[in-house]
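Colleague: I have a new model open and would like to go through it with you. Can we start once it is on the screen?

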Amino acid sequence: MTSSPKNGKFNLYKIPNTWDDKVTIENSIRSSSYINYKSMYTPSRAFDGDPATAWLEGVSGAGIGENITVEFPDPITIDRIEFMPGYFDEQWYKSNNRVKRLKITLDGEASYTNFKDIMKKQAVEFEKRGTFRKAVFTITEIYPGKDND
């Protein structure tokens, strides 16, 4: 098992009047793996809005192919997704692996995005608004950390 954060936060930005702000997605989030340490690194941590928490995949190595899946009860429409592709803590950011390239699959349609190796939120803007019920975020490449795999 690895102890290094691979993914940080995902914020889904809704189009006004298309997604009820009170929709709870925590029970609809799952991942291919995660580190189960006091419930600190579960996949729902990727969506909790707290930059001090993160989803940590739980396989040995770089975590290539590990993913988070979110399923909404009703279709939502977005025009951007904002990411924090690493563990956003000055002490741990460069020590741990960070996501460099991510596959984003919305209802079966895949696209890829690359992230800069900076500790700042990075947005993926869609050319046209996307409506979907299922989103899968898959790690395809990382920036290696200094201390952890």
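Colleague: How many salt bridges does a search of the whole structure find?

Modeller: The search finds 7 salt bridges. A salt bridge is a side-chain nitrogen of Lys or Arg within 4 Å of a carboxyl oxygen of Asp or Glu. Side chains of opposite charge can pair when their charged atoms come close.

Colleague: Before we go on, what kind of model is this?

Modeller: This is a predicted model, in which local features need pLDDT of at least 70, side-chain atom pairs count only at pLDDT 80 or more, and totals for chains, interfaces and linings use all residues. Residues are numbered from 1 along each chain as its sequence is written, and side-chain values use heavy atoms, with hydrogens and water left out.

Colleague: What pLDDT does the chain average?

Modeller: The average is 79, and 81% of the residues score at least 70. The pLDDT is the predictor's confidence in each residue, from 0 to 100.

Colleague: Where is the pLDDT below 50?

Modeller: Over residues 1-23. That stretch still has 91 contacts in the model beyond near neighbours in sequence, a contact being heavy atoms within 4.5 Å. Where pLDDT is low, the predicted coordinates should not be read in detail.

Colleague: Back to the salt bridges. Which residue does E82 pair with?

Modeller: E82 pairs with R80, and their closest N and O atoms are 2.8 Å apart.

Colleague: Is E82 buried or exposed?

Modeller: E82 is buried, at 10% relative accessible area. Buried means under 20% relative accessible area, exposed means over 50%, and partly exposed is in between, with a 1.4 Å probe and protein chains only. R80 is partly exposed at 23%.

Colleague: Which other residue does R80 form a salt bridge with?

Modeller: R80 also forms one with E125, where the closest N and O atoms are 3.2 Å apart. This pair links distant parts of the chain, since R80 is in strand β3 and E125 is in strand β6, 45 residues apart. E125 is exposed, with a relative accessibility of 51%.

Colleague: And what does K100 form a salt bridge with?

Modeller: With E141, at 3.4 Å between the closest N and O atoms. That pair also joins distant parts of the chain: K100 sits in strand β4 and E141 in strand β6, 41 residues apart. Both are partly exposed, K100 at 29% and E141 at 32%.

Colleague: New topic. How many helices and strands does the chain have?

Modeller: It has 0 helices and 6 strands. Helices (H or I, at least four residues) and strands (E, at least two) are DSSP runs, numbered from the N terminus.

Colleague: What about the inside? Which residues have the most contacts in the largest nonpolar core?

Modeller: F83, I104 and F137, in a core of 22 residues. The elements giving two or more residues to this core are β3 (67-84), β4 (98-106) and β6 (122-143). Of these, β3 gives the most, with 7 residues. Another core, of 5 residues, lies apart from it and has I35, Y41, L56 and Y87 among its members. A nonpolar core is a set of buried Ala, Val, Leu, Ile, Met, Phe, Trp, Tyr and Cys residues joined through side-chain atoms within 4.5 Å.

Colleague: How much of the chain is buried?

Modeller: Buried residues are 47% of the 149 in the chain. One of the buried residues is I81, at 0% relative accessible area, in strand β3. I81 and F126 are 45 residues apart in sequence and 8.4 Å apart in space, C-alpha to C-alpha.

Colleague: Where is Y112, and what does it touch?

Modeller: Y112 lies in strand β5 (residues 109-114). Leaving out residues up to four places away in sequence, Y112 touches R101, L102, K103 and T140. Y112 is partly exposed, with 44% relative accessible area.

Colleague: Last one. Which side chain makes a polar contact with the side chain of S31?

Modeller: The side chain of W55, at 3.4 Å. A polar contact is a pair of N or O atoms within 3.5 Å; within protein, one must be able to donate a hydrogen and the other to accept it, and residues adjacent in sequence count only if both atoms are side-chain atoms. S31 itself is in strand β2 (residues 29-31). A polar atom of the S31 side chain also lies 2.8 Å from the backbone oxygen of S33.
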